[in-house]
Amino acid sequence: MASFSTLNLSPSPKPTHSLLKPLIPAPEIDTRTQIQTPYPKLILTGPSQLSGHVSISGSKNSALPILAATLCCSGTSRIQNVPDLFDTRTMASVLVSLGAKVEVLDNEMLVNTDGVGSVEPNADEIQKIRGGFFVIGPLVARFGEAVVALPGGCNIGVRPVDLHIRGLQSLGAVVELRDGKVQAYAANGRGLVGGSFQLDYPSVGATETLMMAACMADGTTVLSNVAREPEVVDLARFLTNCGACVDGAGSNKLVIKGKSQLRGCECVVAPDRIEAGTFMLAAAITRSCISISPVIPCQMSSLIHKLSAAGCKIKKCSHDTLEVSAVSGRGGDNLLSVVVKTGPYPGFPTDLQPQIMALLTTCNGLSSVEESVFDKRMSHVSELLKLGAKIQENSMIVLTHVCYHVSVLNGSSLVANDIRGGMSLVLAGLAAEGTTEISGVAHIDRGYENLDMKLRFLGADVKRLMPLAS
Ligand code: UD1
């Protein structure tokens, strides 16, 4: 394996064709209107009819903890199918700020942590994304200490890290909060020790932090009421390939036997189930038929169940390809209302709640959407209302929204405030009559690789306005 001395964060040339990524058209930038826009904007002209096939990128939420976990390993880790996104590049910067060597090659990252000489990652980078905080587990486990700023990420409600901290304490860490930074060190001066910890809530991030820490703790750790999300299973797969001993990933209990050393390995990040679900919802809201791959169908069960109940036809074309059809037959519109409540996996993903809400505003009847994971994940509602969506907030049950059927959404100027809420506006813009202009595009770009190119490839009328370079 070659040695890596620099982080190449400049955009790398894309392969022209690969099995995972069929050729997609180059981005279309409207240079005539550049001067009018201080920030990038997406301009959608609808209603769109989609057709064809879309390739799903690697999972952002799998890639981030796996990149953090490379800090547990000596030697080089080769992580393939990493989506080229702001968040993954920020995580690479976090690793570099610790002294790791990272090379970015297309959708591959090569990480060598042998030169790590700091336990305090750059605070500015940590504060850009939620996933940056996950380095606290590997750092304290391998190097005995970590000083990590409180994390950033989407503003979708209170996002504490108390479970990460209490879990680390149960593994023998002393944890203090100083100047907005969490300082953790092994109380015995040597390293973490195995222990037992029950999470109050199956937090994905806390499960991942503690799994990484326990892999290098002395002795056996039992973690209960852990998250069962596929991204947790992906992380366990990576750690196991590196020599860790993790039992129970995918269930609500993990038993981990600590090892004094893990070695870097190769790993292919699984397809992004949230991106896949978003495109399935794009087919539904535009009453179109598209196919998507690669996708792991069993991870999509809760969405498939809701889409089927609404009247969509979902066909499994191969082990990793789904076809979604919402084409209306004779007699007009076909999709019906459904009731959605988000929850930890295998429940309905909170990361698809805004997108399915956009769909439900176009379905016949009264739908309800209840958000039970985050307390402020509703910033898209006020924007959807501007398109003419009929959504009513039930003040008695604060997190319940009721969507009524609307026959036509009409284009408008909208602002994206977070990744998935922003994406729900894109979906609504695809279905709306006329032009929808979306600013705050940087939020959306954090979660969707080559979004406008993929949509255009499916036949959508999407343009990206870029500000004039100064
Ligand atoms: C991850 C995902 C995010 C997804 C979320 C839930 C990443 C980078 N992000 O976020 O896209 O929406 O899972 O599927 O993987 N909580 C606490 N204390 C803690 C930690 C969490 O109370 O220490 C609470 C949160 O406030 C929230 C709930 O637990 O209400 C779920 O959060 P969590 O599962 O931790 O989400 P993240 O890991 O931040």
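## The shell around the ligand

Helix 5 gives the largest share of the shell around the ligand, three residues. Helices here are DSSP runs of H or I with at least four residues, strands are runs of E with at least two, and both are numbered from the N terminus. This is a predicted model, in which local features need pLDDT of at least 70 and side-chain atom pairs count only at pLDDT 80 or more, while totals for chains, interfaces and linings use all residues. Residues are numbered from 1 along each chain as its sequence is written, and side-chain values use heavy atoms, with hydrogens and water left out.

Around the ligand there are 18 residues, of which Asp162, Ser203, Val204, Asp351 and Val373 come nearest; a residue counts as near if one of its heavy atoms lies within 4 Å. By type, the shell holds eight nonpolar, five polar and five charged residues. In this scheme Ala, Val, Leu, Ile, Met, Phe, Trp, Tyr, Cys and Pro are nonpolar, Asp, Glu, Lys and Arg are charged, and the others, Gly among them, are polar.

## Backbone contacts and burial

Let's turn to the polar contacts, which are pairs of N or O atoms within 3.5 Å. A polar backbone atom of Val373 is 2.5 Å from an oxygen atom of the ligand. For Leu163, a backbone N or O atom lies 2.8 Å from a ligand oxygen, and for Pro160 a polar backbone atom is 3.3 Å from one.

The ligand taken alone exposes 740 Å², and the protein buries 88% of that (Shrake-Rupley areas with a 1.4 Å probe). Helix 5 (162-170) and helix 6 (204-215) are the elements that give two or more residues to the shell. Because domain 1 (34-57 + 271-465) and domain 2 (60-268) both give residues to the shell, the ligand lies between them; the domain bounds come from an automatic or database assignment.

Next comes an open sheet of three strands, with the order 7-9-8 and antiparallel pairing. Two strands pair if DSSP finds at least two bridges between them. Strand 7 (145-149) and strand 8 (173-178) are the edge strands, each pairing on one side only.

Strand 8 runs antiparallel to strand 9 (residues 181-186), and six bridges join them. Val174 stands opposite Tyr185 in strand 9.

## Backbone details in loops

The peptide bond from Gly46 to Pro47 is cis, with omega near 0 degrees, and Pro47 sits in the loop between strand 1 (41-46) and strand 2 (51-55). Tyr345 and Pro346 are also joined by a cis peptide bond, with omega about 10 degrees.

Note on methods:
A polar contact is a pair of N or O atoms within 3.5 Å; within protein, one must be able to donate a hydrogen and the other to accept it, and residues adjacent in sequence count only if both atoms are side-chain atoms.
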